[in-house]
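The following note concerns helix packing in the model under review.

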Amino acid sequence: MKKNKRRTFRVFLGGFVTLCMFMVVGCSSQKNEPAEQKESAKPEKGGTITVAYPYDPDTLDVQKSAGSAEVYTWLLGGSLLYKDPVTNEYKPSLASDYKISEDGKTLTFTIRSGITFHDGTPLTAKSFKETFDRALNPETKAMTVGELMTPIKSVKAPDDHTLVLELYEPNATFLYTLGINSSQPLSLKAIEKAGEAYGRNPVGVGPWKFESWKASKVTLVRNEAFKWGEAYYENQGPPRADKLVIKSIPDTNLRMSALESGAIDVATEVPVKEAKKFQNNPKYQVMERVRSGVGMLLEMNLRRPEFQDIKVRQALNMLVNKKAIIQAVMQGDGEVAQTPLSPATLGYDKSLEKYGYEYNVNEAKKLLDDAGWKVNGSGVREKDGKTFSLDLLSSTDIDKEAQLVQAMLGEAGIKITIQKLELGTYLQEAVKGNFDLTLMTGAYDDPDILYFYFYSNGAYNMTGVKDDKLDALLLKGRTTIQIDARNQVYKDVQKRIVEQAYVVPIYFDKVFTVINSRVKGVKWTSIMPTYNDSWIEN
């Protein structure tokens, strides 16, 4: 995870994605947590909570999703560990205990008793082995989850309650992987029964059970058997509401209108301009938090010959007026980005800003001239008979940013054609590298997101970066356990990315959620809102 829907890969990156292993990692800061219910009010059971996100899931098979299903599948599942929202420590969840070997390569978990999947199948260590083996099987085509599981050398389940994960090497981010939705256990029985239709009939162990997926609406119902909620929930049993309905409403205006009319109770991914309208209205609660991961980036497809010249890449960095974009998109409520990594993420270093590129149209034009791209009689740059014409892959939620970039690059004689696609198609095309330019961001609680975006074989290296020096640093970041040393590695990583001008960092933003005050107890995990403690005041 950005104006409307921001690609929340939990690799996040998918997500939104991998994070902290032998250390405590700071999560995104949170402000204005709703706590406005009356002290005398007591939680009630029943009713339906309706939530709107600006995007549909591509599939509800968590292992086959490209990332857009995260907010849906998160509610259906569970994980071996969870991150304590107060201490940021990784604690047992579906596991009752775990230990890490002295060399950091072997993780042994004790699986809790009495947990069942929604189809009644008992959860055992074998369930996790089957799940992880499926993710690692190339035939599954589990791009995001498969990438997350690559540190695993072997998975063993010597008995129903013992799970042993052997890693190729110590991994400073793998505990986070084991604490997020992407690594949730799956019922092999349910997968075999549903076959190719499993993506529309998911089964998990979480507090909510799948009921239906019709058009742009997914309906979940309370899992009455649930009694294994994390310790930080007030309610560790079944959810208080009867149903949780998640609607896809891509258009921001329609999403906010639905909130005001009462058609939905929770509007997510709300632009700052809209969120401000609700901040002093007692009928609503506004939750705000800094987005961790990578900020909004203009990505250049480095496979294109134009971008193999560093002067051209540097020129594009100088042509983007970041402050103007922040003002236009977020009413100034954002921060100029000079490096890809968000200030809310471990490894960010403010001193790196000195390596960034300041907005300078004249200097950018000079760089383009030096690179051989001269302005022709039509005002478009040209080299060896070829015009500097590029397609900018975009989606509805980033349309304003796309138009501003189009105008800014056009000022220097670069002709930009915007290709605006529906979000799911946009993501698919971006991941395939079918673009000249695109806008992208990613939510993640750890600097290892840079591995996914910039490592030569990274799952989301959509720009096509191939840099041996950068690869070595990114691998070092994954295996460096000591926190100060790890911070230095990621400082070096970011410096390399900025100096080589592989992307154009544009801004860091906040994410806003607006909630009808009749809904109480909405809480944040490190990634997104959850509804275990939520209830409806009548």
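1. The model is a predicted one.

2. The buried positions are Val312, Arg313, Gln314, Ala315, Leu316, Asn317, Met318 and Leu319.

3. The N-terminal end of helix 8 is capped by aspartate 309, a side-chain oxygen of which lies 2.9 Å from the backbone nitrogen of lysine 311.

4. Helix 8 and helix 10 have axes that come within 8 Å and cross at roughly 160°. The two helices are therefore roughly antiparallel to each other, and the crossing is left-handed. On the helix 8 side, the contact involves Lys311, Val312, Gln314, Ala315, Met318 and Leu319; these meet Val361, Glu363, Ala364, Leu367, Leu368 and Asp370 of helix 10. By class, the contact residues are eight nonpolar, one polar and three charged.

5. A further pair is formed by helix 9 (residues 322–330) and helix 11, whose axes come within 10 Å and cross at roughly 150°. Helix 9 is therefore roughly antiparallel to helix 11, with a right-handed crossing. Here Ala324, Ile325, Ala328 and Val329 of helix 9 meet Lys400, Glu401, Leu404, Val405 and Met408 of helix 11. This contact comprises seven nonpolar, no polar and two charged residues.

Terms used. Residues are numbered from 1 along each chain as its sequence is written. This is a predicted model: local features need pLDDT of at least 70, side-chain atom pairs count only at pLDDT 80 or more; totals for chains, interfaces and linings use all residues. Side-chain values use heavy atoms; hydrogens and water are left out. Buried means under 20% relative accessible area, exposed over 50%, partly exposed in between (1.4 Å probe, protein chains only). Helices (H or I, at least four residues) and strands (E, at least two) are DSSP runs, numbered from the N terminus. A polar contact is a pair of N or O atoms within 3.5 Å; within protein, one must be able to donate a hydrogen and the other to accept it, and residues adjacent in sequence count only if both atoms are side-chain atoms. Axes are lines fitted to C-alpha atoms, for helices over the stretch in contact, and angles run from 0 to 180 degrees between N-to-C directions. Angles under 35 degrees count as roughly parallel, over 145 as roughly antiparallel, 65 to 115 as roughly perpendicular and the rest as oblique. A crossing is left-handed if the near helix is turned anticlockwise from the far one by less than a right angle, and right-handed if clockwise. Contact means heavy atoms within 4.5 Å. Ala, Val, Leu, Ile, Met, Phe, Trp, Tyr, Cys and Pro count as nonpolar, Asp, Glu, Lys and Arg as charged, and the others, Gly among them, as polar.
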